[in-house]
Amino acid sequence: MIWKTLFGLMVALSFTSIFRMIMFLGYHKTLWNHRPGKCHILEGIEHGSEDMQTTQSGLTFISSGLNAVFVGSEYQEYYKKNNVRGRIMLFNMEKPEYGVKELPIIGNNFLSKDFFPHGISVLEDKGKVLLFVVVHRGEEDTVEKFEFLEETLELKHLKTYTGALVHLLNDVVATGPETFYTTDCAYYRNPFGQFLEGILGLHFGHILYCDGKDFRIVSEPTYFANGIALSNDGKLVYAVSSMGKKLMVYKREENNRLIKVNDIELDTIPDNPIVDPTTGDVLLGCQPIGHKGLEQLSNPVNPSTSQVLVVHMDKSGFNMTGVTELFSDDLELYGSSSATLYKNRMLIGTVCHKTMYCEVNTF
């Protein structure tokens with residue numbers, strides 16, 4: 001009797017996992033292309049703009065050249081063949097005609113050899129602009145802190161953060177000049193282990209908090225926690241589960257522990273959330289068709305789909321009141337991962353493709 005029960009449970013779990021993966025891959029979905037106004041591809045970024053953050057004055061910092069253990073061998077060979085390297089780019093929303101510019105990195109202790117940036121966070125503190133950047137290196141992941149030198153248009157490296165709890169980082173959000181949350185999205189650093197985590201629905205990730213010296217786990221186990229952002233008042237944390245296709249809402253405790261207050265289910269694969277500084281709504285770069293996104297991570301020449309959503313939040317910031325699809329495309333921009341709004345202008349980033357600038361007239 002016990003064996004029959006165990007067998008039944010295993011069969012049920014197998015069917016659940018298979019159904020979850022079928023829905024994630026999205027072979028049944030059709031994409032309808034539309035844009036919020038005039039859009040064009042920016043010159044100067046050919047190999048991704050995975051995450052971006054915009055200052056109050058319109059300066060947008062962009063991470064480019066994502067490469068990590070979770071991408072395929074063809075992806076890595078393509079990057080090696082094309083001499084793709086990690087870069088931090090700058091785009092001025094107030095002067096879009098100036099285009100994008102790479103920011104040189106200075107600092108005696110900075111290791112540039114295997115610098116592949118991923119998530120990025122910008123903190124404006126006492127007249128300084130600080131950047132916190134998740135970096136994938138050969139043997140470990142780190143969070144690197146920089147100061148933006150506006151007069152020389154350089155980034156000065158200040159500090160490297162890592163620790164025993166760090167496995168595979170994805171995104172970061174600064175809470176102060178020395179403190180931040182970061183998403184440890186998976187336990188395994190090899191593709192097979194990550195495949196098992198994904199197909200079996202294993203919650204092996206966490207959100208970590210760094211107090212400037214040490215990391216500690218501050219959330220319940222998560223299922224591939226991806227992008228992360230703070231509410232405008234700093235009381236809430238928004239984090240994305242890409243494999244879970246949801247936006248998670250957390251309340252911050254005084255000790256910086258996170259208590260989940262809501263799961264917002266989405267019929268798309270969200271990546272990075274960015275909170276609108278005026279409305280408090282959450283802007284999401286998404287990929288609505290999963291199998292195309294996975295094919296692009298296997299080989300960046302494969303086309304994928306792009307989508308930008310605005311998740312409208314109520315006054316508490318806990319609950320969704322509606323969703324607006326600002327952008328949808330599978331013809332010119334492949335694999336959107338982030339988007340930022342400034343006035344009536346929008347910049348859309350991708351995992352490993354190009355970057356698009358749009359005038360927003362329909363929102």
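**A chat about the structure**

Guide: Let's begin with Ser-337, which has its place in strand β23, residues 336-342. Keep in mind that this is a predicted model.

Visitor: Okay. Does Ser-337 count as buried or exposed?
Guide: Ser-337 has 0% relative accessibility, so it counts as buried.

Visitor: What does Ser-337 touch, leaving out residues up to four places away in sequence?
Guide: Its contacts are Ser-49, Glu-50, Asp-271, Asn-272, Gly-285, Gly-349, Thr-350 and Val-351.

Visitor: Let's zoom out. How many helices and strands does the protein have?
Guide: There are 4 helices and 25 strands. The radius of gyration is 20 Å, close to the 21 Å that the globule rule gives for 363 residues, so the protein is as compact as a globular protein of that length.

Visitor: And what does the C-alpha trace span along its principal axes?
Guide: About 75 × 50 × 45 Å.

Visitor: What share of the residues counts as buried?
Guide: Of the 363 residues, 55% do. As for contacts with a separation of 6 or more, 56% of them come from residues 24 or more positions apart.

Visitor: What about the surface and the charges?
Guide: The accessible surface comes to about 16,800 Å², and 55% of that belongs to carbon and sulfur atoms. On the charge side, there are 33 positive and 43 negative side chains, with the centres of the two sets 2 Å apart.

Visitor: Back to strands. Which order do the strands take in the open sheet of 5?
Guide: The order is β6-β10-β9-β8-β7, and the pairing is mixed. At the edges are β6 (105-106) and β7 (116-125), each of which pairs on one side only.

Visitor: What holds paired strands together in general, I mean, what do they pair through?
Guide: Strands of a sheet pair through backbone hydrogen bonds, in either a parallel or an antiparallel way.

Visitor: Then in which sense do β7 and β8 pair?
Guide: Antiparallel, over 8 bridges, with β8 covering residues 128-136. As one example, Ile-120 stands opposite Val-133 in β8.

Visitor: Now show me another strand. Why is β13 described as largely enclosed?
Guide: Because 5 of the 5 residues of β13, residues 206-210, are buried, the strand is largely enclosed by the rest of the structure.

Visitor: Which residues sit on which side of β13?
Guide: His-206, Leu-208 and Cys-210 are on one side, while Ile-207 and Tyr-209 are on the other, and all of them are buried.

Visitor: Which strands does β13 pair with?
Guide: Strand β12, residues 180-186, pairs with β13 in the antiparallel sense over 5 bridges. Strand β14, residues 215-217, also pairs with β13 in the antiparallel sense, over 3 bridges.

Visitor: Where does Tyr-209 come into that?
Guide: Tyr-209 is the bridge partner of Tyr-181, and in β14 the bridge partner of Tyr-209 is Arg-216.

Visitor: How many residues lie between the strands in the hairpin of β13 and β14?
Guide: There are 4, and in that hairpin Gly-212 takes a positive phi near 105°.

Visitor: And Lys-213, where is that found?
Guide: Lys-213 is in the loop between β13 and β14. With a relative accessible area of 72%, Lys-213 is exposed, whereas the residues of β13 are buried.

Visitor: One last thing: how far apart are the C-alpha atoms of Lys-213 and Phe-327?
Guide: They are separated by 40 Å, and the two residues are 114 residues apart along the chain.

Note on methods:
Residues are numbered from 1 along each chain as its sequence is written. This is a predicted model: local features need pLDDT of at least 70, side-chain atom pairs count only at pLDDT 80 or more; totals for chains, interfaces and linings use all residues. Side-chain values use heavy atoms; hydrogens and water are left out. Buried means under 20% relative accessible area, exposed over 50%, partly exposed in between (1.4 Å probe, protein chains only). Helices (H or I, at least four residues) and strands (E, at least two) are DSSP runs, numbered from the N terminus. Two strands pair if DSSP finds at least two bridges between them. Contact means heavy atoms within 4.5 Å. The radius of gyration is taken over C-alpha atoms; the globule rule is 2.2 Å times the number of residues to the power 0.38. Accessible areas come from the Shrake-Rupley method with a 1.4 Å probe; for residues, only the protein chains shown count as cover. Lys and Arg count as positive and Asp and Glu as negative; His and the chain ends are not counted. The place of a charge is taken as NZ of Lys, CZ of Arg, CG of Asp or CD of Glu.
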